[in-house]
Amino acid sequence: MREFEDYLKENKKRFEADQLDESIWQGIESQIVVKHKVSYKKLICLLVALIAILLVSFIGYKNSVKAEALENRVIAQFDLGQYNFVQQVNYKKQKLAEESIPVDQLERVQILLQQLEFMDGQFQDYTYYIEKNGYQKFIGEQILNFYTSKIELLDKIQDEIEKINYYEEKIQTSTPKVNIQI
Amino acid sequence: MNKGTDIAAIVSKAKADDLSAMRALYDGFAKEMLSASLRITNSLVDTQDIIQESFLHSFQKLGQLQDEGKYGSWLKRIVINNSIKFVKQRRSFDMINAIDKLYVEENEEPWFYELDFDLIKMEIQKLPNGSREIFSLYLLEEYTHPEIAMLLGVSVSNSKSQYRYAIKLLRTRLMHLKV
């Protein structure tokens with residue numbers, strides 16, 4: 001019987017189908033083409049999104065570099081470098097960005113954050129004025145006040161957050177927390 | 001696929017989504033795969049679906065194939081696995097008590113050389129489902145009995161006895177037809 005098995009094994013090529021139905025390939029081909037079309041579409045969407053993100057980031061980066069350079073120039077011009085205002089503001093902002101509070105208390109902080117935004121608008125007004133009229137002494141005094149007030153406001157926000165979290169810890173309401181967007 | 005054809009080169013092209021390379025792979029392997037699957041499923045319509053699905057799967061996963069020269073054996077695995085998955089629900093094994101009743105002469109004359117291969121193919125198709133699957137996997141696809149046992153979820157001894165049953169049954173039927 002072994003010989004019979006060997007004979008079948010040696011001739012297994014002869015068991016192959018003689019012909020194939022072309023519809024099998026057509027089915028494969030149509031699905032490959034559909035998948036390609038879908039993946040090309042996806043790729044194009046992805047590329048467009050990527051370009052948009054890069055463009056927005058680049059503009060944002062360019063603006064922030066420009067604003068930082070302008071701020072440094074103003075500080076140097078009015079001889080305010082000794083107060084380390086920029087460093088203080090950055091440090092306090094970074095600290096605030098790491099904080100989180102219960103979502104139902106957000107409103108209390110939001111009012112202070114809006115004040116901060118308003119103050120930044122004020123600084124822009126000063127820079128426009130300087131660009132138009134040059135560096136004048138009274139603007140230097142305004143800017144000194146601006147930074148002092150801004151730092152005070154940042155401290156106030158920090159205090160408010162600590163107060164909120166102190167009570168939250170005591171009462172433990174288990175309210176979900178949100179980060180401070182600054 | 002013709003000897004000397006550089007399968008690896010064609011697979012490389014297919015990896016780069018070259019449709020004509022995919023077609024070349026299909027032309028090279030489809031008949032072999034169709035026959036292997038048909039011996040397991042015994043249904044041409046279902047086999048055609050399995051072949052279509054298996055080729056498509058292989059083209060989509062070509063990136064995972066590291067040794068491009070082994071495309072054929074890799075594809076065969078996919079086809080066999082898909083075919084087994086298909087027949088798993090309907091599989092039944094014949095009671096093989098009848099095996100002893102099948103007379104087999106051990107030192108036989110080579111009576112089978114003159115047999116028409118279409119006739120052999122037809123008789124293989126007529127074998128009971130479970131034993132035909134094992135017969136095809138063991139003798140023609142060269143799987144071992146432990147491998148078959150694992151694939152089909154049967155014991156190794158069951159795989160061996162079903163194979164013996166298939167080969168004896170096939171031999172007896174063919175001898176009967178010859179006479």
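**Chain contacts and helix faces**

Modeller: Let's start with chain A: of its contacts between residues at least 6 apart in sequence, 85% join residues at least 24 apart; a contact has C-beta atoms, placed from the backbone, within 7 Å. This is a predicted model, where local features need pLDDT of at least 70, side-chain atom pairs count only at pLDDT 80 or more, and totals for chains, interfaces and linings use all residues. Residues are numbered from 1 along each chain as its sequence is written, with chains lettered from A and ligands numbered from 1 in the order written.

Colleague: What pattern does chain A follow along the sequence?

Modeller: Helices (H or I, at least four residues) and strands (E, at least two) are DSSP runs, numbered from the N terminus. Chain A has five helices and two strands. Read in order, they give α-α-α-β-α-α-β.

Colleague: Which residues of helix H1 of chain B are buried?

Modeller: Buried takes 20 or more other C-beta atoms within 10 Å of a residue's own, exposed 12 or fewer, partly exposed in between, with C-beta atoms placed from the backbone. H1(B) covers residues 7-15. Its buried residues are Ile10(B), Val11(B) and Ala14(B).

Colleague: Why are they on the same side of H1(B)?

Modeller: The arc is taken from the directions from the helix axis to the C-beta atoms. They're on the same side of H1(B) because they cover an arc of only 100 degrees.

Key. Contact = placed C-beta atoms within 7 Å.
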